[in-house]
Amino acid sequence: MNRRKAAMIRRATPADTEALSALSRTCFTQTFGHLYDPADLEAFLTEAYAPDILHTELEDPNRATWLLFEDATDEAPIGYVTACPAQLPHPDVAPGDGEIQRLYILQGHQGAGRGTALLNTALEWLERDGPRTLWIGVWSENYGAQRFYARHGFEIVGDYSFMVGDHADHELITRRPARLPSE
């Protein structure tokens, strides 16, 4: 019988900076790299996922990142999620709102509930002090991600341009209103 190992999630620390940088660059490139001119892609990867940028993010107590591993014995993460105060450019974003900023899993490791496990981990952290409005930005042509977030109560409420180098992507803004504990 071929039994699948149980995935493991743990909170990232500044010691994970290099691994997170490599994973972030790989995941973004696997998912979206074909869309961009190589110079635009490299400019974005350097701006968003440079080790010094991620190290600062990992030290910020208002942000949290969790790493996903195939199982507890693996040293290399296969996915991650980052949560932070809401920063999306929507007029209804308010102080105290939370945002799932990034959720990526390497190709070949997606499925088996891993994305849901990562998302739920981040949502629980964002709502640790009680219900709050939550936000996620998603590429307008990433229909699978849109369906995934809709299953978790997020609805499209706006859009904006997300810059990758000099390239502007049409990004959708999704929101999940604060839920009462009985919901």
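This is a predicted model: local features need pLDDT of at least 70, side-chain atom pairs count only at pLDDT 80 or more; totals for chains, interfaces and linings use all residues.
Entry 1: I searched the whole structure for salt bridges, and the search returned seven. I then looked up some of the pairs one by one.

**Entry 2: Arg10 and Asp16.** I found that the side chains of Arg10 and Asp16 meet in a salt bridge, with 2.8 Å from N to O.

**Entry 3: Glu57 and Arg102.** My next pair was Glu57 and Arg102, whose side chains form a salt bridge at 2.9 Å, N to O. Glu57 sits in helix H3 (residues 51-59) and Arg102 in strand S4 (residues 98-105), so this pair ties together parts that are 45 residues apart in sequence. I noted that Glu57 and Arg102 are both buried.

**Entry 4: Arg114 and Glu70.** Here I read that the closest N and O atoms of the salt bridge between Arg114 and Glu70 are 2.7 Å apart. Arg114 belongs to helix H4 (residues 114-126), while Glu70 is in the loop between strand S2 (64-69) and strand S3 (79-85), so the pair links parts that are 44 residues apart in sequence. Which class of accessibility do I give Arg114? I count Arg114 as buried, because its relative accessibility is 4%, and Glu70, at 14%, counts as buried too.

**Entry 5: a network.** Lastly, I noted that salt bridges with shared partners join Glu57, Arg63 and Arg102 into one network.

Note on methods
Residues are numbered from 1 along each chain as its sequence is written. Side-chain values use heavy atoms; hydrogens and water are left out. A salt bridge is a side-chain nitrogen of Lys or Arg within 4 Å of a carboxyl oxygen of Asp or Glu. Helices (H or I, at least four residues) and strands (E, at least two) are DSSP runs, numbered from the N terminus. Buried means under 20% relative accessible area, exposed over 50%, partly exposed in between (1.4 Å probe, protein chains only).
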